[in-house]
Amino acid sequence: MSRYRLRPSPAQEVALAEHCGHARFVWNLAVEQHAHWRPGIRSAPGFAEQCRQLTEARAEFAWLRAGSIIVQQQALKDFHQAMANFFGKTHKRPTWRRRGHSEGFRIVAVKPGDVHRVSRNAGEVKVPKVGWVRFRWSRAVPDGVKSYRITRDRAGRWHVAFAAVPEPVPAPGTGEVVGVDRGVTVSAALSTGELLHAPALRQAEKGRLVRLQRKLARAKRGSNRRATVKAAIARLKAREADRRKDWIEKTSTDLARRFDVIAIEDLTISAMTRSARGTLQAPGKNVRQKAGLNRGILAAGWGRLVTRLEHKAPGRVQKINPRYTSQTCNACKHIARKSRESQALFRCVACGRQANADVNAAKNIRDMAAGHAVAARGGPPLGGPVNREPQPVLLPA
Ligand SMILES: [Zn+2]
């Protein structure tokens with residue numbers, strides 16, 4: 001994703017805001033339909049069903065019909081992707097969208113001529129029902145743009161982000177397999193022993209954020225001061241998000257270049273979070289602790305890293321059932337919950353080996369990927385079958 005500042009004319013701004021409104025309306029409709037649904041009761045309305053309902057809604061409401069069908073359909077698709085991410089444990093359950101908060105819409109099936117440069121500092125993008133909208137040409141637009149997303153931040157600034165699937169990175173051809181474990185104390189641990197940290201805000205920036213948030217609490221609702229403080233907070237958070245995105249790009253390229261096979265836990269297997277929430281009969285005990293863990297995963301942008309790896313190393317990413325990977329000693333293969341002494345330390349109760357807990361798990365993930373070829377010939381792979389929660393169809397981006 002590369003993001004550019006959009007420079008719509010006042011009239012275009014009105015039309016863009018209308019697209020945002022339609023996307024929000026459709027999204028909230030989908031949220032409402034899913035609100036009463038709980039796992040295991042009955043299936044929630046699927047994408048096809050909701051598309052049918054969208055057609056009906058368009059027939060009924062002229063204002064909705066006047067909008068772009070692409071915008072509205074993509075809002076539904078985005079919602080289903082958000083639900084898939086939710087089931088995949090990488091994101092929270094999608095919630096209501098409010099006017100003025102992270103507004104935006106997505107356009108797909110972009111043709112090569114729909115984005116072009118008009119001068120040294122300006123480009124133009126064709127938006128359905130809006131026309132050609134200028135944007136600041138701050139760097140080259142990637143080749144092969146397939147879709148883009150237009151957003152309006154809380155500070156009222158418009159951006160366009162072009163999505164192009166990156167070129168695959170050639171494999172090194174060494175046959176080397178790496179295991180990657182999503183850590184909590186670090187963002188990712190590799191079976192090589194490397195600990196990767198996603199960048200966060202610097203200490204001084206964190207301090208500034210705290211001060212701004214205090215200021216915001218004191219500022220009067222609707223005041224200019226409040227708006228200024230809010231915009232400053234939004235800028236700080238955007239800076240943090242940008243840094244993480246950069247890190248994900250660099251890390252995924254690096255892994256794809258260095259290793260032939262990248263083994264990573266399968267997020268759609270819900271063993272971890274299911275144990276936190278428990279079952280209906282036995283509700284989970286450590287729900288709070290896991291809720292914190294989920295926040296950590298979110299912050300690390302794990303889902304995004306996996307997606308980029310799959311783009312850059314197609315066919316070379318192996319998803320592993322994460323069951324027991326954090327409780328198995330990589331040296332003697334003894335499985336015991338007690339071996340995981342703390343978040344950071346693994347101390348095997350059988351052989352006494354000590355290791356960084358995340359690196360130990362990454363090594364298990366690597367070994368399972370390497371063992372898959374063997375397992376395919378004989379017995380089931382380590383971990384065995386697990387129950388899956390209902391999965392919505394993962395939609396292509
Ligand atoms: Zn051991």
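Author: Helices (H or I, at least four residues) and strands (E, at least two) are DSSP runs, numbered from the N terminus. On that count, the protein has ten helices and 14 strands. Before going on, some ground rules: residues are numbered from 1 along each chain as its sequence is written. This is a predicted model, where local features need pLDDT of at least 70, side-chain atom pairs count only at pLDDT 80 or more, and totals for chains, interfaces and linings use all residues, while side-chain values use heavy atoms, with hydrogens and water left out.

Reader: What is the mean pLDDT of the protein?
Author: pLDDT is the predictor's confidence in each residue, from 0 to 100. Here the mean is 80, and 80% of the residues reach 70 or more. Residues 269-300 stay under 50, with 41 contacts (heavy atoms within 4.5 Å) beyond four places in sequence. Residues 373-397 are also below 50, and that stretch has 36 contacts beyond near neighbours in sequence.

Reader: How many of the residues count as buried?
Author: Buried means under 20% relative accessible area, exposed over 50%, and partly exposed in between (1.4 Å probe, protein chains only). Of the 397 residues, 43% are buried. As for contacts between residues at least 6 apart in sequence, 65% join residues at least 24 apart.

Reader: On to the metal. Which residues are the protein donors of the zinc ion?
Author: Donors are N, O and S atoms within 2.8 Å of the metal (3.2 Å for Na, K and Ca); water is not among the atoms, so sites may look incomplete. For this zinc ion they are the SG atoms of Cys329, Cys332, Cys348 and Cys351, lying 2.3 Å from it. Their spacing along the chain is C-x2-C-x15-C-x2-C. Cys329 sits in the loop between strands E12 (317-320) and E13 (345-347), and Cys348 in the loop between E13 and E14 (354-356), so this pair ties together parts 19 residues apart in sequence. Cys329 is buried at 0% relative accessible area, and Cys348 is buried too, at 4%.

Reader: And what geometry does the site of the zinc ion have?
Author: Ideal angles are 109.5 degrees for four tetrahedral donors. Four donors count as tetrahedral if all angles lie between 85 and 135 degrees. The zinc site is tetrahedral, with angles of 105 to 116 degrees among its four donor atoms.

Reader: How should I read the faces of a helix, say H2? Which of its residues are buried?
Author: An α-helix has 3.6 residues a turn, so residues three or four places apart point the same way. The buried residues of H2 are Gln50, Cys51, Leu54, Ala57 and Arg58. They cover an arc (taken from the directions from the helix axis to the C-beta atoms) of only 115 degrees, which puts them on the same side of H2. On the other side, Ala48, Thr55, Glu56, Ala59 and Glu60 are exposed.

Reader: Last one, backbone angles. Where does Ala109 lie?
Author: Most residues other than glycine have a negative phi. Ala109 has a positive one, near 55 degrees. Ala109 lies in the loop between strands E2 (103-107) and E3 (115-117), and is exposed at 62% relative accessible area. Lys129 also has a positive phi, near 65 degrees. Its place is the loop between E4 (122-127) and E5 (131-136), and at 59% relative accessibility Lys129 is exposed.

Definitions and conventions. Tetrahedral: all angles 85-135°; square planar, octahedral: opposite > 155°, others 65-115°.
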